[in-house]
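Trainee: I have a structure to go through with you today. Could we talk about its pockets and how some of its helices pack?

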Amino acid sequence: MTAMAAHNPLSARLAQDAGFGAIWGSGFELSASYAVPDANILSMGTHLEMMRAIASTVDIPLIADIDTGFGNAVNVSYVIPLYEAAGASAIVMEDKTFPKDTSLRADGRQELVRIEEFQGKIEAACAARRDPDFLIIARVEALIAGLGQEEALKRGLAYEQAGADAILIHSKQATPDQILSFVQAWTGKVPLVLVPTAYPQLTEADIAQLGKVGVVIYGNHAIRAAVGAMQAVFAQIRQDGGIQNVDAGLPSVKTIIGLQGDAHMRQIEARFLR
Ligand code: SPV
Ligand code: MG
């Protein structure tokens with residue numbers, strides 16, 4: 001399955017319309033959309049309410065990025081039911097210290113919690129879910145922290161033992177070697193989750209050939225597409241002193257009204273307005 005990042009219900013709807021199998025409720029994208037760093041600057045409530053809005057807009061599953069779980073195992077115990085009630089189908093929780101720093105930032109602060117501590121957080125997450133089909137995905141940041149494959153494998157297996165339904169292994173290496181080596185060496189039974197942002201040359205077909213990988217997450221392509229499109233159009237308007245040259249190339253106002261759910265409102269109007 002492929003999951004596309006979204007930072008609001010509109011981007012989630014566009015991802016669903018494009019045919020992605022799931023939505024990635026990205027902390028990076030939401031932080032970027034508020035123009036703040038992805039470093040636990042936004043509150044859990046801000047992220048949670050966006051997940052609720054996204055889940056109520058799309059039909060495909062939502063994988064919520066809960067960073068480090070907003071604290072220790074006690075916090076996680078209270079956080080999980082909230083995300084479940086908000087309509088998420090899964091959460092991803094990473095083994096960094098709170099407050100986290102974003103993984104792909106050059107020279108970021110990448111400190112991991114002890115393995116036993118994170119096992120406790122996974123166990124707390126599993127115990128707190130109401131629906132056994134709500135997936136708890138543990139994210140290994142050992143490669144991001146520069147601790148090497150052995151530590152990453154050790155952590156992945158320890159998190160599986162604690163009850164994780166899948167293991168997200170993240171890498172910021174610009175070539176796929178590090179991830180390919182990890183996937184090959186993985187002896188766990190649960191599927192792996194990859195986020196190929198840093199090594200985009202690895203395609204879905206390549207990943208399918210590996211076996212072992214259940215989900216591919218495209219972590220930030222909605223916000224990057226939006227930023228690129230806005231920058232280009234804004235610059236053109238300033239350059240031209242008007243909107244005369246951008247209008248034809250933009251989605252029409254009618255298209256946007258359609259994406260707002262106009263067909264649904266028309267049904268309501270026809271049925272109930274008298
Ligand atoms: C996110 O999209 O928020 C992620 C993936 O956690 S990354 O930004 O690559 O860490
Ligand atoms: Mg994140």
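Trainee: Which element gives the largest share of the lining of the largest pocket?

Mentor: Good place to start, and keep in mind that this is a predicted model. Strand E1 and helices H1, H2, H9 and H10 each supply at least two residues of that lining. One of them contributes ten residues, the largest share, and that is H9.

Trainee: How do the residues lining the largest pocket divide into nonpolar, polar and charged?

Mentor: The pocket holds about 630 Å³ of space, and 25 residues line it. Nearest its centre lie Leu10, Leu14, Ala225, Ala226 and Ala229. Over the whole lining, the division is 19 nonpolar, six polar and no charged.

Trainee: Now the helices: is the crossing of H5 and H6 left-handed or right-handed?

Mentor: The axes of H5 (residues 115-128) and H6 (residues 148-161) come within 9 Å and cross at roughly 35 degrees. As for its hand, the crossing is right-handed.

Trainee: How many residues of that contact of H5 with H6 are charged?

Mentor: H5 brings Ile115, Phe118, Gln119 and Ile122, while H6 brings Glu151, Lys154, Arg155, Ala158, Tyr159 and Gln161. Five of these residues are nonpolar and two are polar. The charged ones number three.

Technical notes:
Residues numbered from 1 in each chain as written. Chains lettered and ligands numbered in written order. Predicted model: local features only at pLDDT ≥ 70, side-chain atom pairs only at ≥ 80, totals over all residues. Heavy atoms only, no water. Axes fitted to C-alpha atoms, helices over the stretch in contact; angles between N-to-C directions. Helix = DSSP H or I, 4+ residues; strand = E, 2+ residues; numbered from the N terminus. Left-handed = near helix turned anticlockwise from the far one by under 90°. Contact = heavy atoms within 4.5 Å. Nonpolar A, V, L, I, M, F, W, Y, C, P; charged D, E, K, R; others polar. 1 Å grid on protein atoms, 1.4 Å probe; cavity = no way out; pocket = protein on both sides within 12 Å on 5 of 7 lines; lining within 4 Å. Points joined across faces, edges and corners; volume = space filled by probe spheres on them.
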